Amino acid sequence: MDGDLGDFLRSRRGRIQPEEVGLPSYGRRRVPGLRREEVAQLAGVSVDYYVRLEQGRGQQVSDAVLDAVARVLRLDETEHAYLRTVARPRRGRGEHRPEAAGVRPGVQALLDSMDRTPAFVIGPRMDVLAWNSLADAISGYGRAAPADRNIPRHVFLDPAAHTLYPDWPAIAAQAVAHLRLNAGHRPDDPQLNALVGELSVKSPDFRRLWADHQVKACMSGTKRVHHPLTGTLTFPYETMTIQTEPDQTMVVYTPEAGSETAERLALLGSWAAAH
């Protein structure tokens, strides 16, 4: 995904107006936000040095310079880490250890032991690799073809996703931000690049969100799901990395005990067990 660094930096300096950082704004500007020379000035580097960084020719850039640029562009912690990753990509063999084809039996047993909470495991391309019965009852992973067990592909290419997720725009933006974060760590992943290419061609919404260069680690939050049998379910969720497989993440929905969602989920679980 060559060009990601320059596009990311341009999108971030485009968010900041000169007056916000104490610079005068004279007349019309050809680009929104800060100019490259203004970022260089505020970061304490030469304009040529910063231009080379935007062009992806700054592989030897120091942490101090990246920290200064992050400060000027007001990057949050996740964006700052992403900047460091894409500014100095590690390419070639050995960057990633071989991926597991699925989850270990112990991980599946852990999922199955969660009989009151939906839980599933995703890989680095946001493929759903394993799930428990409640997660299946909600999202139908077991009935889906393997290629369709991919969260971004489902969100952007399956019309049913707009009904399943009442807050679809937020879910879509979150999926793209998480996928872009993963892509920064895997610049040479042909399957991930193919997924981004497919979604960019087939979905104008994905194309627009991808071009915005948002990055976000979706570690916790709240998601609403509309199920045809139970109505709308509201799930706080938590995620955790599987230590033995650092490319795999377990997502656990944690409905509040005694809540309407918990009661509806129990009914859904009983229905799924009977069918």
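## Largest pocket

In this predicted model, the largest pocket holds about 810 Å³ of space, and its lining is made up of 38 residues, with Ile122, His178, Leu181, Asn182 and Thr249 lying nearest the centre. Two or more lining residues come from each of E1, helix H10 (168–185), strand E4 (231–242) and strand E5 (245–253), and the largest share, 8 residues, is supplied by H10. Sorted by class, the lining of this pocket comprises 20 nonpolar, 12 polar and 6 charged residues.

Strand E1 (residues 119–122) runs antiparallel to strand E2 (residues 128–131), and the two are joined by 3 bridges. Ile122, one of the residues nearest the centre of the largest pocket, has Val128 in E2 as its bridge partner. The hairpin has 5 residues between the strands, and Met126 there takes a positive phi near 65 degrees.

## Second largest pocket

The classes here are 14 nonpolar, 9 polar and 6 charged.

## Packing of H1 and H3

Helix H1 (residues 4–13) packs with helix H3 (residues 47–54) at an angle of about 120 degrees, their axes being 7 Å apart, and the two helices are therefore oblique to each other. On the H1 side, Leu5, Gly6, Leu9, Arg10 and Arg13 meet Tyr50, Leu53 and Glu54 of H3, a contact whose residues divide into 4 nonpolar, 1 polar and 3 charged.

Note on methods:
Residues numbered from 1 in each chain as written. Predicted model: local features only at pLDDT ≥ 70, side-chain atom pairs only at ≥ 80, totals over all residues. Heavy atoms only, no water. Axes fitted to C-alpha atoms, helices over the stretch in contact; angles between N-to-C directions. Helix = DSSP H or I, 4+ residues; strand = E, 2+ residues; numbered from the N terminus. Parallel < 35°, antiparallel > 145°, perpendicular 65-115°, else oblique. Contact = heavy atoms within 4.5 Å. Nonpolar A, V, L, I, M, F, W, Y, C, P; charged D, E, K, R; others polar. Pairing = 2+ DSSP bridges. 1 Å grid on protein atoms, 1.4 Å probe; cavity = no way out; pocket = protein on both sides within 12 Å on 5 of 7 lines; lining within 4 Å. Points joined across faces, edges and corners; volume = space filled by probe spheres on them.
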